[in-house]
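Visitor: Please take me through a close look at a single part of this model. I would like to follow one chain, and then see what lies on the other side of its contact.

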Amino acid sequence: MKKWRLNLFDLAVIVLAIAAGAAFLYLQRGAGVVTGSTSGTTVRYVIEITNLPKEAAGKIKVGDSVTDKVEKHALGRVIDFEIVDYKVSTRDLTTGDYRLRAVPERFTALLTLESPAAESATNITIDGAFVVRCGTEVSALGPGYGGVGYIVKIER
Amino acid sequence: MERKKRIIDERGRLFGKLSVIDLAVVVIVIAMAVAYYVKTNSGAETRTTSMTDVTYNLTIREVRQGTVDLVRPGDKVYDEHGVNLGEVTGLTVAPAAIKSTLVDGSYVNAGSEGKFDLTLTLVVGCAIADGHIYADRKTELTVGGVIPVVTKYVKTSAHVTDILN
């Protein structure tokens, strides 16, 4: 059997593979910024789930585990919640001002979540990869309910 | 009779030594390396320019109270790629002001209930070359430009509204 020896072609392929891997990791890092050293902590933050029907809002309980529906990250446990009217911004055609108006029979759930987290000087990460920042869109899934909204508060 | 030497032999090797495929791969690798170098050094002059502290304003428009509460003096701001955009040295909060149309088609300055315009004053080390200002040597600051920004607690986008020095 012919003995395998590393040739220039093999070496070039290995270099390409390493370069592709490094590029992938760099792009994946995205807005992770400079992470620096991290420490374990607990993060409490509030997400909203908008445009819920009454039946879905009624299923929310303290203690529910909430996950990210798209990337399957564990977002934390519900430690408190509030159900409020679902309001959308509509334009007053006489003044031009935008006003918040309640949509009949639709609700917004404000879930306060708690999760173990890794905290660095530049970000707070939960479940290894989900960066908690106010303004991040979330597609949340709890037991029997789910929907889309944003992270609207973080305990600082 | 002496056999004539061929440029590419029957095994596809140049002058009997180097495979054409090997050579092509090497050329591709070198081309990729050169392209990467050129791309990452496109502002080549900024590499050699000294850094100057620049003070400028970023306005985050139409955000809710939750975002306003999470931005404070001393916070560090980055762009979406992690480029340092500076440290917040001051901030002002005002009711959101937006351009809106009326039924007659005219434009007015209007408000947006529950929304605020948050203006941050930042200081960042910049490379300045031919009048162009590059925060942290990488992200060009232009008045009117929109930059996706993050802090430790907030993710949003912001308009460069003024460059103060």
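Guide: Happy to! The C-alpha centres of domain 1 of chain B and domain 2 of chain B are 51 Å apart. Domain 1 covers residues 1-40 and domain 2 covers residues 48-163, with bounds that come from an automatic or database domain assignment. This is a predicted model, in which local features need pLDDT of at least 70 and side-chain atom pairs count only at pLDDT 80 or more, while totals for chains, interfaces and linings use all residues. Residues are numbered from 1 along each chain as its sequence is written, and chains are lettered from A, with ligands numbered from 1, in the order in which they are written.

How confident is the predictor in chain B? Its average pLDDT, the predictor's confidence in each residue from 0 to 100, is 87, and 90% of the residues score at least 70. The model as a whole has ipTM 0.76 and pTM 0.74.

Chain B holds three helices and ten strands, which are DSSP runs numbered from the N terminus (helices H or I, at least four residues; strands E, at least two). Read from the N terminus, the order is β-β-α-α-β-α-β-β-β-β-β-β-β. Of its 165 residues, 22% are buried; that label takes 20 or more other C-beta atoms within 10 Å of a residue's own, whereas exposed takes 12 or fewer and partly exposed falls in between, with C-beta atoms placed from the backbone. Two residues are in contact if their C-beta atoms, placed from the backbone, lie within 7 Å. Among the contacts in chain B with a separation of 6 or more, 59% join residues 24 or more positions apart.

Now for the side that meets chain A. The contact draws 29 residues from chain B and 31 residues from chain A. On the chain B side, helix 1 (20-40), helix 3 (65-69), strand 5 (84-101), strand 6 (107-129) and strand 10 (155-163) each give two or more residues. Strand 6 of chain B has the largest share, six residues. By class, this side has 13 nonpolar, ten polar and six charged residues; Ala, Val, Leu, Ile, Met, Phe, Trp, Tyr, Cys and Pro count as nonpolar, Asp, Glu, Lys and Arg as charged, and the others, Gly among them, as polar.

A nonpolar core is a set of buried Ala, Val, Leu, Ile, Met, Phe, Trp, Tyr and Cys residues joined through C-beta atoms within 7 Å. The largest one has 50 residues, and the members touching the most others are Ile47(A), Leu111(A), Val132(A), Leu58(B) and Val149(B). Strand 6 of chain B gives the most to this core, with six residues. Beyond four places in sequence, Val132(A) contacts Val43(A), Tyr45(A), Ala117(A), Ile124(A), Ile126(A), Ile151(A) and Ile154(A).

Across in chain A, Lys72(A) has a positive phi of about 65° without being a glycine. Lys72(A) sits in the loop between strand 2 (65-68) and strand 3 (74-91) of chain A, and is exposed because 10 other C-beta atoms lie within 10 Å. Asp127(A), also not a glycine, has a positive phi of about 55°. Its place is the loop between strand 5 (124-126) and strand 6 (130-131) of chain A, and Asp127(A) is partly exposed because it has 17 C-beta neighbours inside 10 Å.
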